[in-house]
Amino acid sequence: MAHFFLKVRDMKSEVVINVQPEAISIALLEDKRLVEYQSEPKKASFSVGNIYAAKVKKLMPGLNACFVDVGYEREAFLHYLDLGNQFDSYQKYLKQVLSDKKKLPPFSKAQRLPDIKKDGSVQTTLKVGQEVLVQIVKEPISTKGPRVTSELSFAGRYLVLVPFGDKVSVSTKIQSSEERARLKQLIQSIRPKNAGVIVRTVAEGKRVAELDGELKVLVKRWEDALSKTQKAQKYPQLVFEEESRTVALLRDLFNKSYEGIYVDDEEVYKEVKHYISIIAPDKADIVKLYTGKVPIFDNYDVTKQIKSGFGKIVNYRHGAYLVIEHTEALHVVDVNSGNRSSSKDGQEANALEVNLGAADELARQLRLRDMGGIIVVDFIDMNKSEDRQTLYERMCKNMETDRARHQILPLSKFGLMQITRQRVRPAMDVSVDEVCPTCFGKGSIKSSILFTDQLERKIDTLVNKIGVKKFYLHVHPYVAAYINQGLLSMKLKWQMKYGMGVHIIPSQKLALLQYEFYDNEGQFLDMKEEMEGK
């Protein structure tokens, strides 16, 4: 019976991965609700975790920091405190690596030097033009370049390898003192010389063979990074690249409760399947290749949730809504009760109910938009101190599932709550406003009743001039319904005239008079300029 109740309480988690020619989008659903969303251009190269062999560009004594060239338009910021205690050891070993171009000096024999001074100066430690190894810890945000550290780390699923570290640390989320002691003793016995190890929460209960296998992989990544540094012909040079965004997200998020990982691209599907078969062989079967003709995000109701979840105004319960504003320094959230009627228990109970609903939705929004920095929330005023405490506790509980480091302050006497949340990449900003695809915002359009005539001209061009006999026309669901309606539908007429290769696909991401053509291989066919002005 206990097992049955555990299953009921567990949340059903699914990952949906949409691969487009220009970007990869990843959605995490919990009980079919969108809770995390990442979309990255395929060309994005400044991922957190990447390591560069770079040179110091400029010293900033006033800030006790320097700027390092990592190939971005703005130099990366490296503070003295981010050099790491073992910076001198790194530099001595790096000189050995760069001086011998034929073979790598054994890292296990690298000399450990005393820690650098905590109150030291960047002027006495670094000089302009000096070679350094740096790792990105915060992506470029707005006008700021990336933030980097010289204290390198290589993250795996169970362990994190820290070169020149000297201890084994176990995640505080592993609460059993026996298990903590077992893991610490086990890792101490297999830890390579001159390296520290951090044991992650998911290592709980794992056997020595699994942990030793991953540790060897992480050591190999470090050696490969050194080898690339040794062979670098120019600076800056990317010497270690984080795993693909898809795999990196799964590495940090994956848990045994996942019931499905759905991918609409065969190459990414194979990559994800291979990774899951390594970290959780019994779960490899949950990775599925999606081959449906309806866009994958439409099929799993992600598109609709993105459009309803990323606007300035977010509705959540019984007419109440949040207004979310973003500025350079902070995010401001205003809670409104909207047109909901007052509770029969009075104004105070009504305010508490609206605020608790806002706390639930806000915790989801922080994860969904990956909002970081300072978040100020203006809740509806409540007079009772116990109600304010209830709201504070609810917010803390909701944020327990948030992987980003955060701190929540109790409500001030003005009804304001302050939340600080770790920011390592720009907040996800998805535009949900649609520019008219026919007039491009100019305000005047051709008669919409002629839209299907325009589509037929494009089909005629595609079939009779270009010679594409089988294709998929993606249109707004309302337009698709209109084309498909009736026994002698417009779609049937087109098929009789142009062949059975004409397929109509409803797509929620498209605006009302927008359309896209794809061939039988799923490749986009650009038909926009063909006859647009005619």
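This is a predicted model: local features need pLDDT of at least 70, side-chain atom pairs count only at pLDDT 80 or more; totals for chains, interfaces and linings use all residues.
1. Thr229 is buried, because its relative accessible area is 1% and buried means under 20%. Leaving aside residues up to four places away in sequence, Thr229 touches Ala53, Leu94, Leu98, Leu133 and Val239.

2. Ile51 in strand β4. Ile51 belongs to strand β4, residues 51-60. With a relative accessibility of 1%, Ile51 also counts as buried. Its contacts, again not counting residues up to four places away in sequence, include Leu133, Val134, Gln135, Leu152 and Phe154. Among the others are Gln237, Leu238, Val239 and Phe240. Val134 is 83 residues from Ile51 along the chain, yet the two C-alpha atoms are separated by 5.6 Å.

3. The cis peptide bond. Tyr235 and Pro236 are joined by a cis peptide bond, with omega at about -5 degrees. Pro236 is placed in the loop between α5 and β13, the latter being residues 237-240.

4. Lys138 and Arg423. Lys138 is a residue of strand β7, residues 131-138. Its relative accessible area is 32%, so Lys138 is classed as partly exposed. Lys138 and Arg423 are 285 residues apart along the chain, and their C-alpha atoms are separated by 7.4 Å.

5. Helix α7. This helix comprises 14 residues, 266-279. From first C-alpha to last it reaches 20 Å, close to the 20 Å expected at 1.5 Å a residue. The buried residues in α7 are Val268, Tyr269, Val272, Tyr275, Ile276 and Ile279. Seen down the helix axis, these buried residues fall within an arc of 135 degrees, and therefore they line one face of α7. An α-helix has 3.6 residues a turn, so residues three or four places apart point the same way. On the other side of α7, Glu267, Lys270, His274 and Ile278 are exposed. At the start of the helix, a side-chain oxygen of Asp265 comes to within 3.1 Å of the backbone nitrogen of Glu267.

6. The six-stranded sheet. An open sheet with mixed pairing is formed by six strands in the order β16-β17-β18-β19-β21-β20. Its edge strands, each pairing on one side only, are β16 (313-317) and β20 (406-408). On average, and with direction ignored, neighbouring strands of this sheet are turned by 20 degrees against each other.

7. Strands β16 and β17 run antiparallel and are joined by four bridges. Within this pair, Val314 has Leu322 of β17 as its bridge partner. The two strands form a hairpin with two residues between them, and His318 in the turn has a positive phi of about 50 degrees. Strand β17 (residues 320-326) is also joined to β18 (residues 330-336) by six bridges, and this pair runs antiparallel. Here Tyr321 stands opposite Asn336 of β18.

8. Positive phi in two loops. Lys32, a residue other than glycine, has a positive phi near 70 degrees. Lys32 sits in the loop between β2 (23-30) and β3 (33-41), and is partly exposed at a relative accessible area of 46%. Asp370 is not a glycine either, and has a positive phi of about 55 degrees. The position of Asp370 is in the loop between α10 (347-369) and β19 (373-378). Is Asp370 buried or exposed? Its relative accessibility is 12%, so Asp370 counts as buried.

Definitions and conventions:
Residues are numbered from 1 along each chain as its sequence is written. Side-chain values use heavy atoms; hydrogens and water are left out. Two strands pair if DSSP finds at least two bridges between them. Axes are lines fitted to C-alpha atoms, for helices over the stretch in contact, and angles run from 0 to 180 degrees between N-to-C directions. The expected span of a helix is 1.5 Å times one less than its number of residues. Buried means under 20% relative accessible area, exposed over 50%, partly exposed in between (1.4 Å probe, protein chains only). The arc is that of the directions from the helix axis to the C-beta atoms. A polar contact is a pair of N or O atoms within 3.5 Å; within protein, one must be able to donate a hydrogen and the other to accept it, and residues adjacent in sequence count only if both atoms are side-chain atoms. Contact means heavy atoms within 4.5 Å.
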